[in-house]
Every structure is written in C-alpha cells, then in structure tokens.
Amino acid sequence: DDERRQEEELTKEREAAQARLRALEEQVKQGKVKKEEEKRRKQAAQREANQKESRLAAQRAELEAARQRERQLQLQLENLGDNDSSSDDEGPQDVTPQESTPTASQELPRKMSSPPPAPLMPSAAPPIPHQM
C-alpha cells in the first residue's frame, strides 16, 4: 500500500513537472515570437524613418534650388533695372557699343564658371555687363 502511494506521488510529480516544462516551453516560444515581432516592428519603423528623412532631404534640396533660382532671377531683375535706369538717362547707344557686346553663346561659359552650378538661364536673356 505504501509502495503504491509512493508510485502515485511520483507519477503526480512527474506529470506536474511535465506540465511545468510544457508551460515553460510555451513561454519561451511566445517570448521568441514576441521578440521577433518587436524586431520586425523596429525594422519597419526604421525603414519608415529613413524614407521620411529621404523625402525631407529631397524637399530641402528642392527648396534650396528654388531659392538659388530666385536669387538668380532677383539679380537678373536688379541688373535689368540698373540697365533700364542708365538707358533712360543716357540712351541705349551709349551704354555698350554693339560691336563689343558678347553674344549669348560667348557669355554662357563664363557665367557657369563663376556662380555655383545652377539651372541654365535662357539664351534670350541679355548679358550682364558688370559681372566678370
């Protein structure tokens, strides 16, 4: 009777130990799954952050290009205003003799070497005489 009772206790202990092992194995499995999901979430968040930063950098570059173009056009406008005011006073013939005025094709390479690279100005634009 005593032997049988000990056997039952051992069987119960073994079953309890197996149940604890299964529970622990399940917890480990769930922990691994949770860790993997967290890793995937972090990777997705990092990808999204990188994409957002790329978009912002592209927008900043676009904005800077627009500002550069605006500065160019503003200078061009100011130069046109300068030319107009002197033309009103002196007349167009006295500003620059036509023989010495460079053509647009002669003017373009010089302009490209002095300012930072920018979009090409239309060839119909008048040359700016005081830039060298």
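**View 1. Arg-60 pairs with Glu-53 in a salt bridge, with 2.7 Å between the closest N and O atoms.** The model here is a predicted one: local features need pLDDT of at least 70, side-chain atom pairs count only at pLDDT 80 or more, and totals for chains, interfaces and linings use all residues. Residues are numbered from 1 along each chain as its sequence is written, and side-chain values use heavy atoms, with hydrogens and water left out. A salt bridge here is a side-chain nitrogen of Lys or Arg within 4 Å of a carboxyl oxygen of Asp or Glu. Arg-60 is partly exposed at 47% relative accessibility, and Glu-53 is partly exposed too, at 41%. (Buried is under 20% relative accessible area, exposed is over 50%, and partly exposed falls in between, with a 1.4 Å probe and protein chains only.)

**View 2. Arg-71 and Glu-64 meet through their side chains.** This salt bridge runs 3.0 Å from N to O. Arg-71 has 40% relative accessibility, so call it partly exposed; Glu-64 gets that label with 37%. Salt bridges with shared partners also tie Asp-2, Arg-5 and Glu-9 into one network.

**View 3. Arg-5 and Asp-2 form a salt bridge.** Here N to O is 2.5 Å. Both residues sit in helix H1, three residues apart, or about one turn of the helix. Arg-5 is partly exposed, at 42% relative accessible area, and Asp-2 is partly exposed with 42%. By the rule used here, the salt bridge count comes to seven.

**View 4. Helix H1 and helix H3 mark the two ends of the confidence range.** Confidence is pLDDT, the predictor's score for each residue from 0 to 100. Helix H1 (residues 2-90) has the highest mean, 93, while helix H3 (residues 104-113) has the lowest, 47.

**View 5. Zooming back out, the protein has three helices and zero strands.** Helices (H or I, at least four residues) and strands (E, at least two) are DSSP runs, numbered from the N terminus. Buried residues are 8% of the 132 in the protein. The accessible surface is about 11500 Å², 54% of it from carbon and sulfur atoms, by the Shrake-Rupley method with a 1.4 Å probe; for residues, only the protein chains shown count as cover.
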